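Reader: I am new to this structure. Please walk me through it in short steps.

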Amino acid sequence: MVVVKTIKEVRDTVKQWRKEGLTVGFVPTMGYLHEGHQSLIRAAGENDRVVVSIFLNPMQFGPTEDLATYPKDIERDKQKCLEAGADLIFAPEVSEMYEDNFQSYVDMNLLTEELCGLTRPCHFRGVCTVVTKLFNIVKPDKAYFGKKDAQQLAVIKRMVADLNMDIEIVGCPIIREEDGLAKSSRNTYLNADERKAALVLSKAVKKAEELTENGVRNSAEIISAMTSIVEAEPLAKIDYIKIVSLDTMQQISSTEGGALIAMAVYIGKTRLIDNFFYEGE
Ligand code: AMP
């Protein structure tokens with residue numbers, strides 16, 4: 001496995017692989033990797049070569065968000081990538097990705113307006129811009145994203161279709177801790193009490209799954225049951241619990257035919273997300 005910091009090194013390596021007729025899978029990350037990231041790297045192993053990017057992208061953080069405190073450990077990340085079968089890590093400095101005179105952006109309308117887009121107004125512009133840049137640098141056949149960031153996955157799929165990017169986007173299942181908490185680099189922010197309190201997210205998601213299995217389709221009823229679970233926990237504060245259309249990310253009153261049931265909750269100062277995709281019958 002090779003670790004490089006420059007765009008030129010990625011391009012030279014991938015060009016060589018292409019000459020040899022090899023296919024390339026790509027996993028973009030912000031680092032501090034866990035089994036969720038590793039599951040994407042393993043899924044990308046269906047290609048001949050796997051590239052992982054580790055880049056804490058300042059553009060997708062708002063001014064009051066956790067860019068400065070986001071956990072970092074490149075040596076640990078290298079080990080996790082190696083274990084999962086990556087061939088190349090691209091870990092650029094901010095200056096390599098954004099020249100001083102940088103001024104071009106990729107943005108989206110409807111899909112980014114609800115859910116995390118409401119609380120984090122510039123977030124998806126930062127995500128779309130950096131993912132486009134990374135796609136242009138790596139030029140993969142397939143790219144792998146977690147369903148944990150459900151809105152991000154929908155946004156990337158839309159962007160690739162709208163802008164005719166010749167890349168297949170693969171969505172991968174949410175990887176959880178044994179007690180149900182969705183794995184996240186941000187879980188490291190939680191103290192012992194908060195870690196326990198954070199279980200309200202997966203409990204609420206589980207409740208939504210149960211209700212759905214029992215034939216409940218009314219969004220208000222599902223949201224109300226989830227809200228009760230979260231509100232019973234004093235350390236938790238709801239950012240949103242919403243049920244939206246899989247195509248538009250706009251709120252819908254019934255899950256009939258499929259829906260994304262998504263939530264963001266502050267546990268202390270840490271904002272965590274979780275969700276459940278109901279595919280419909
Ligand atoms: P991040 O480093 O948080 O930007 O995440 C990089 C990729 O890993 C994104 O596609 C995430 O959706 C995915 N990811 C993060 N956590 C999980 C998880 N618990 N299960 C599956 N995928 C995940």
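Author: Start with a definition. A residue is buried if its relative accessible area is under 20%, and exposed if it is over 50%. Keep in mind that this is a predicted model.

Reader: Which residues of α9 are buried?

Author: Helix α9 covers residues 199-213. The cut-off for burial is under 20% relative accessible area. In α9, the buried residues are Leu199, Val200, Leu201, Ser202, Ala204, Val205, Ala208, Leu211 and Thr212.

Reader: What covers the buried residues of α9?

Author: Both helices and strands take part. The helices include α8 (192-197) and α10 (219-231). The strands include β7 (236-244), β8 (259-267) and β9 (270-278).

Reader: How far apart are the end C-alpha atoms of α9?

Author: Work out the expectation from the helix length. At 1.5 Å a residue, the 15 residues of α9 should span 21 Å. The model agrees, because the end C-alpha atoms of α9 are apart by 21 Å.

Reader: Now the ligand. Which residues come nearest to the ligand?

Author: There are 17 residues around the ligand. By class, the shell has 8 nonpolar, 6 polar and 3 charged residues. Those that come nearest are His37, Gly146, Asp149, Ile175 and Lys183.

Reader: How much of the ligand's accessible area does the protein cover?

Author: Polar side-chain atoms of His37 and Asp149 each lie by an oxygen atom of the ligand, at 2.9 Å for His37 and 2.6 Å for Asp149. Lys183 uses a backbone N or O atom, 2.9 Å from a nitrogen atom of the ligand. On its own the ligand has 490 Å² of accessible area, and the protein covers 93%.

Reader: Which element gives the largest share of the shell around the ligand?

Author: The elements that give two or more residues are β2 (24-29), α2 (35-44) and β5 (142-146). The largest share is 3 residues, and it comes from α2.

Reader: Where does Lys139 lie, and is Lys139 buried or exposed?

Author: Most residues other than glycine have a negative phi. Lys139 is not a glycine, yet its phi is positive, about 50 degrees. Lys139 lies in the loop between α6 (123-138) and β5. With a relative accessible area of 52%, Lys139 is exposed.

Reader: And Asn164, buried or exposed?

Author: Asn164 also has a positive phi, about 50 degrees, and is not a glycine. Its place is in the loop between α7 (150-162) and β6 (168-172). The cut-off for exposed is over 50%. Asn164 has 67% relative accessibility, so Asn164 counts as exposed.

Note on methods
Residues numbered from 1 in each chain as written. Predicted model: local features only at pLDDT ≥ 70, side-chain atom pairs only at ≥ 80, totals over all residues. Heavy atoms only, no water. Near = heavy atom within 4 Å. Polar contact = N/O pair within 3.5 Å; in protein donor to acceptor, adjacent residues only side chain to side chain. Areas by Shrake-Rupley, 256 points an atom, 1.4 Å probe, with all protein chains shown as cover. Helix = DSSP H or I, 4+ residues; strand = E, 2+ residues; numbered from the N terminus. Nonpolar A, V, L, I, M, F, W, Y, C, P; charged D, E, K, R; others polar. Buried < 20%, exposed > 50% of the residue type's maximum accessible area, 1.4 Å probe, protein only. Expected span 1.5 Å × (residues − 1). Contact = heavy atoms within 4.5 Å.
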